[in-house]
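Here is my note on the model you sent.

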Amino acid sequence: MFKEFKEFALRGSVLDMAVGIIIGAAFGAIVSSLVSDVLMPPIGLLLGHVDFSNLYVVLAAGKVAGPYASLAAAQQAGAVTLNYGVFVNKIISFLIVAFALFLVIRAMNRMQKKAEAVPAEPTTKECPFCGTQIPIKAVRCPNCTSDLRK
């Protein structure tokens, strides 16, 4: 059983998938930082000093009654909150990742189309008398012995 697991784990496709997952996780962290640290502060500034990560609605007050200065303060007080600002950040992160994947797949598809576009030279032709495939340079059909030089 160990031998079978070793063969499975060391197959090329499994290793490729593992590398892809690791790179994807690292890319997700970069995108998350891009959204929360680079994109959202200027957008929040343009919208009137709004911090999207602190947009929430208190559904039930905690041990200490509100209003709360921030989402962290509300959560620390034990309040039940609906964190729609964090959700907006996650949606923007998803859109960036989806667009990046779209660009990668689009580039890969373009490279594959160029590789497939070159047709191979034909090496055979059809005998006009019997219809069998024969070499291009043949002057007589090996099947029906017809003369093809006419």
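**Ser93 and the chain around it**

1. Ser93 counts as buried because its relative accessibility is 14%, and the cut-off for buried is under 20%. Keep in mind that this is a predicted model.

2. Where does Ser93 sit? Its place is in helix H4, which covers residues 84-116.

3. Which residues does Ser93 touch, leaving aside those up to four places away in sequence? They are Val31, Ser32 and Val35.

4. Now the chain as a whole. The protein chain has four helices and four strands. Read from the N terminus, the order of elements is α-α-β-α-β-α-β-β.

5. On burial, 15% of the 150 residues of the protein chain count as buried. Ser93, at 14% relative accessibility, is one of the buried residues.

6. Next, the overall dimensions. The radius of gyration of the protein chain is 32 Å, whereas a compact globule of 150 residues would have one near 15 Å. Along the principal axes, the C-alpha atoms fill a box of roughly 100 × 50 × 25 Å.

7. Contacts come next. Take those between residues at least 6 apart in sequence: 27% of them join residues at least 24 apart.

8. Last, surface and charge. The protein chain has an accessible surface of about 11,700 Å². Carbon and sulfur atoms account for 68% of that surface. There are 14 positive and 9 negative side chains. The centres of these two sets lie 6 Å apart.

Conventions. Residues are numbered from 1 along each chain as its sequence is written. This is a predicted model: local features need pLDDT of at least 70, side-chain atom pairs count only at pLDDT 80 or more; totals for chains, interfaces and linings use all residues. Side-chain values use heavy atoms; hydrogens and water are left out. Helices (H or I, at least four residues) and strands (E, at least two) are DSSP runs, numbered from the N terminus. The radius of gyration is taken over C-alpha atoms; the globule rule is 2.2 Å times the number of residues to the power 0.38. Buried means under 20% relative accessible area, exposed over 50%, partly exposed in between (1.4 Å probe, protein chains only). Contact means heavy atoms within 4.5 Å. Accessible areas come from the Shrake-Rupley method with a 1.4 Å probe; for residues, only the protein chains shown count as cover. Lys and Arg count as positive and Asp and Glu as negative; His and the chain ends are not counted. The place of a charge is taken as NZ of Lys, CZ of Arg, CG of Asp or CD of Glu.
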